[in-house]
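Here's a quick tour of a single-chain model, going from the overall layout down to a handful of individual residues. Have the sequence and the 3D view open as you read.

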Amino acid sequence: MKLYINNVIVVEGTHDAAVVSSLFDCEIVVVNGDELANIKYLKKVSELTSLILLLDPDAEGQRIRAKIKEQVQNVIDINIDINKTGRNGKYGVAEAEIEEIKSVLIKFVTKIENTKATSEKLILSKNERLRICELLGIE
């Protein structure tokens with residue numbers, strides 16, 4: 001059983017998303033490096049739930065982090081230890097030790113089972129948003 005996280009996790013690339021989705025049942029948004037083409041989408045989703053920034057601990061990741069935080073509200077900034085990453089000359093989420101990823105995200109795990117809130121449902125369905133808010137105790 002995967003652990004469920006209600007928040008939306010923002011990562012840089014598809015490899016990062018694959019690692020996170022192998023550990024947690026959650027909505028993941030890939031920003032594709034520095035493109036940030038989906039900034040409008042992030043803004044809309046952040047109106048409904050917190051975004052967890054799980055970006056690479058390198059200079060590029062820090063630059064992307066700053067751009068998102070500058071333009072998007074309701075952001076939770078999570079950092080992985082750069083000393084616990086590194087494989088094939090890369091230092092990022094996809095190369096991080098699994099235990100490091102688990103340790104920084106475990107505090108966001110909820111006990112809701114067999115429920116996966118997708119951003120599509122949150123944006124398009126008022127009833128789903130209200131139900132999720134009720135489950136989370138959000139007014």
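What follows covers the fold, a helix pair, the nonpolar cores and some selected residues.

First, some housekeeping. This is a predicted model, in which local features need pLDDT of at least 70 and side-chain atom pairs count only at pLDDT 80 or more, while totals for chains, interfaces and linings use all residues. Numbering starts from 1 along each chain as its sequence is written, and side-chain values use heavy atoms, with hydrogens and water left out.

**Overall layout**

The chain comes to 6 helices and 5 strands. Both kinds of element are DSSP runs numbered from the N terminus: helices are H or I with at least four residues, strands are E with at least two. Read from the N terminus on, the order is β-α-β-α-β-α-β-α-β-α-α. Of its 139 residues, 44% count as buried. Here, buried means under 20% relative accessible area, exposed means over 50%, and partly exposed is in between, with a 1.4 Å probe and protein chains only. As for contacts (heavy atoms within 4.5 Å), take those between residues at least 6 apart in sequence: 58% of them join residues at least 24 apart.

**The α1 and α4 pair**

Two packed helices are described by the angle between their axes and the distance between the axes. Here α1 (residues 14–23) and α4 (residues 98–105) pack at about 70°, and their axes are 11 Å apart. That angle makes α1 roughly perpendicular to α4, a label that covers 65 to 115 degrees; under 35 degrees is roughly parallel, over 145 roughly antiparallel, and the rest oblique. The axes are lines fitted to C-alpha atoms, for helices over the stretch in contact, and angles run from 0 to 180 degrees between N-to-C directions.

Which residues make the contact? From α1 come Val-19, Val-20 and Leu-23, and from α4 come Ile-98, Ile-101, Lys-102 and Leu-105. Sorted by type, that's 6 nonpolar, no polar and 1 charged. For the record, Ala, Val, Leu, Ile, Met, Phe, Trp, Tyr, Cys and Pro count as nonpolar, Asp, Glu, Lys and Arg as charged, and the others, Gly among them, as polar.

**Nonpolar cores**

In soluble globular proteins, nonpolar side chains tend to be buried together. A nonpolar core is a set of buried Ala, Val, Leu, Ile, Met, Phe, Trp, Tyr and Cys residues joined through side-chain atoms within 4.5 Å. The largest one has 22 residues, and those touching the most other members are Ile-5, Ile-9, Val-20, Phe-24, Leu-54, Ile-101 and Leu-105. Elements giving two or more residues to this core are β1 (3–11), α1, β2 (24–30), β3 (51–54) and α4, and α1 gives the most, with 4 residues. Apart from it lies another core of 14 residues, including Val-10, Val-31, Leu-42 and Leu-51.

**Selected residues**

| Residue | Relative accessibility | Class |
|---|---|---|
| Glu-100 | 8% | buried |
| Thr-85 | 9% | buried |
| Asp-58 | 27% | partly exposed |
| Asn-74 | 36% | partly exposed |
| Lys-107 | 63% | exposed |

Glu-100 sits in helix α4. Leaving aside neighbours within four places in sequence, Glu-100 is in contact with Asn-79, Ile-80, Asp-81 and Lys-84.

Thr-85 is in the loop between β4 and α4. Not counting residues up to four places away in sequence, Thr-85 touches Pro-57, Ile-80, Tyr-91, Gly-92, Glu-95 and Ala-96.

Asp-58 belongs to the loop between β3 and α3 (59–71). With residues up to four places away set aside, Asp-58 touches Glu-12 and Tyr-91. Asp-58 and Ile-82 are 24 residues apart in sequence and 7.8 Å apart in space, C-alpha to C-alpha.

Asn-74 lies in the loop between α3 and β4 (75–78), and its phi is near 65°, a positive value in a residue other than glycine.

Finally, Lys-107 is in the loop between α4 and β5 (109–110). The C-alpha atoms of Lys-107 and Ile-5 are separated by 9.2 Å, though the two residues are 102 apart along the chain.
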